[in-house]
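Reader: I am new to reading protein models. Could you walk me through this one, one step at a time?

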Amino acid sequence: VRRLHGSGRTYDVVIVGGGIIGSACALELRKKGYTTLNVDSNPSPGYGSTSSSSSIVRPFYSLEDSCRLAWEGYHCWKGWTDHLEAAADEDLCMLHEVGCGAVETLASPACQTYILRVRKAMDACQIPVVYWDVDEVRRRLPYVSTRSYFPPRKVDDEAFGEDNGRDIAGMLFCAQAGYVNDPQLATRNIADAAMRRGGEFRWRAHVKRINRDGSGRKVTGITLDDGSTIEAPIVINATGPHSQALHTLAFEGAAVEDDSRVSSKPLKVEVAYVQEPPGSRADETMPVVVDMDVGVYFRPQHGGQVLIGSVEPDCDELHFLASANDLEDKLTDDWTSVVYRAALRLPTLQIPNTASGLSALYDTTQDWVPIYDRTALGGFYSMRGTSGNQFKNAPVVGRIGAELVDGCENGHDHDAKPVVLSLQHVSGSVNLGIFSRLRENSGTTGTVLG
């Protein structure tokens with residue numbers, strides 16, 4: 001049934017996007033026998049928003065299904081060579097298993113609620129977790145200040161740097177967590193695994209149109225800006241920060257209305273790289289730290305650095321862009337804000353005179369839960385809202401995409417009875433209805449923490 005057609009080819013599935021989510025979908029669809037083509041405007045795998053990921057692997061989520069999915073993802077990263085069926089000498093990314101801790105502050109009822117919900121979800125998923133009281137935090141992380149500064153403030157606030165008269169309560173800690181050293185290499189690893197199974201990729205390719213059949217209700221493929229047409233009865237939108245634009249393009253002139261209740265949009269974020277606190281030996285001693293008390297997260301970066309980002313506290317303005325193409329690649333006062341807030345927790349941190357880090361885009365939804373779903377347009381699927389906190393889940397998200405396609409294209413009514421994903425490494429399953437385009441309030445923190 002594969003055949004040449006005009007200036008293109010026919011495939012079972014065209015995946016628009018060659019980042020870690022699109023590549024993972026290709027791998028899992030190839031395992032099911034679907035012929036796949038990934039098209040991406042970038043020159044190589046993971047060159048877009050994936051390359052800017054903080055690549056943190058943590059099981060801390062306030063929803064049990066999200067927690068279970070992240071726990072499954074951790075086991076995929078832990079057994080990366082086996083997951084990819086890679087050769088022993090292949091150049092692979094690495095999981096640095098430094099652990100992850102979430103700071104609890106008594107000054108914030110929202111933080112206490114988050115910690116309670118995370119602990120409950122992790123216990124339900126049988127994920128090993130311990131609680132460090134403030135004395136244990138001091139013992140394990142002697143370079144960390146345990147004073148509480150909640151609420152987080154802007155640097156130009158007159159009260160910035162003043163503690164609230166008490167210490168943090170402690171830290172919820174999971175040893176089975178950490179970060180992947182190279183998100184772009186991780187994407188290349190998955191793309192290589194997909195290609196070993198016959199998946200194809202086309203780089204520097206820009207989608208001009210999503211094609212539909214005569215009824216206007218079903219996709220038939222895509223047309224690229226060079227005029228070539230690629231036929232496929234299934235098209236997956238895995239374009240990261242460009243996903244809302246492609247979604248809108250797909251429904252322009254369609255005979256069906258978009259019934260999505262959840263949308264996505266690109267959010268500009270800034271991540272800082274600074275030298276580790278002197279004498280801290282961060283590579284050996286520092287876990288990933290999620291700190292709602294000062295409104296940042298940080299983790300060690302191989303080579304004696306610390307990576308710092310924001311957890312979107314109320315004091316931070318969120319910079320949503322009308323188009324992902326509007327991103328200006330420069331660091332601003334947001335960089336200064338997150339670094340100075342991190343220095344409250346790491347008081348010996350030496351703040352550089354010159355900003356170092358990156359300005360990047362997240363693809364976010366209103367509740368920070370991704371959309372993994374079919375759409376009202378037949379054969380058109382969404383893998384959207386994934387930037388910020390889904391890198392850790394990418395190996396499993398590929399299976400989600402494959403199961404959705406396989407189920408829906410074979411007559412399963414996912415809207416009425418959501419597909420359930422059986423997990424391979426941990427007990428239980430995940431109801432994919434939590435990622436529905438039709439969902440209402442998901443009950444998350446409404447931030448990158450989930």
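Author: Happy to! Let us begin with a definition: a residue is buried when its relative accessible area is under 20%, exposed when that area is over 50%, and partly exposed in between. Please keep in mind that this is a predicted model.

Reader: Is Lys-31 buried, partly exposed or exposed?

Author: Lys-31 has a relative accessible area of 35%. Buried would need a value under 20% and exposed one over 50%. Lys-31 is therefore partly exposed.

Reader: Which residue forms a salt bridge with Lys-31?

Author: In general, side chains of opposite charge can pair when their charged atoms come close. For Lys-31, the closest N and O atoms of the pair are 3.3 Å apart. The partner, which counts as buried at 8% relative accessibility, is Glu-28.

Reader: How many of the 12 residues of helix 1 are buried?

Author: Helix 1 covers residues 20–31 and reaches 17 Å from its first C-alpha to its last, close to the 16 Å expected. Among its buried residues are Ile-20, Cys-25 and Leu-29. Helix 1 is largely enclosed by the rest of the structure, because the number of its buried residues is 11 of 12.

Reader: And which residue with a positive phi follows helix 10?

Author: Helix 10 spans residues 394–409, and its reach of 22 Å is close to the 22 Å expected. This helix is mostly covered, with 13 of its 16 residues buried. The residue that follows, with a phi near 95°, is Gly-411.

Reader: Let us turn to Arg-138. How far apart are the closest N and O atoms in its salt bridge with Asp-167?

Author: Arg-138 sits in helix 5, while Asp-167 lies in the loop between helix 5 and strand 9, so the pair links distant parts of the chain, 29 residues apart. Asp-167 counts as partly exposed at 22% relative accessibility, and Arg-138 is partly exposed too, at 34%. Their closest N and O atoms are separated by 2.7 Å.

Reader: Which residues are joined with them into one network?

Author: Arg-138 also forms a salt bridge with Asp-135, with the closest N and O atoms 2.9 Å apart. Asp-135 and Arg-138 both lie in helix 5, about one turn of the helix from each other. Salt bridges that share partners make one network of Asp-135, Arg-138, Arg-147, Asp-163 and Asp-167.

Reader: Is the peptide bond from Phe-150 to Pro-151 cis or trans?

Author: Most peptide bonds are trans. Pro-151 is in the loop between helix 5 and strand 9. With omega near 5°, the bond from Phe-150 to Pro-151 is cis.

Reader: What is the phi of Trp-368?

Author: Most residues other than glycine have a negative phi. Trp-368 is found in the loop between strand 21 and strand 22, and counts as buried at 7% relative accessibility. Its phi is positive, although Trp-368 is a residue other than glycine, and lies near 65°.

Reader: One last thing: which residues form the negative surface patch that includes Asp-157?

Author: Asp-157 is in the loop between helix 5 and strand 9. With a relative accessible area of 33%, Asp-157 is partly exposed. The negative surface patch is made up of Asp-156, Asp-157, Glu-158, Glu-162 and Asp-333.

Terms used. Residues numbered from 1 in each chain as written. Predicted model: local features only at pLDDT ≥ 70, side-chain atom pairs only at ≥ 80, totals over all residues. Heavy atoms only, no water. Patch = residues over 30% accessible without salt bridge, like charges linked within 9 Å, V, L, I, M, F, W, Y side chains within 5 Å. Areas by Shrake-Rupley, 256 points an atom, 1.4 Å probe, with all protein chains shown as cover. Salt bridge = Lys/Arg side-chain N within 4 Å of Asp/Glu carboxyl O. Lys, Arg positive; Asp, Glu negative; His and termini not counted. Charge placed at Lys NZ, Arg CZ, Asp CG, Glu CD. Helix = DSSP H or I, 4+ residues; strand = E, 2+ residues; numbered from the N terminus. Buried < 20%, exposed > 50% of the residue type's maximum accessible area, 1.4 Å probe, protein only. Expected span 1.5 Å × (residues − 1).
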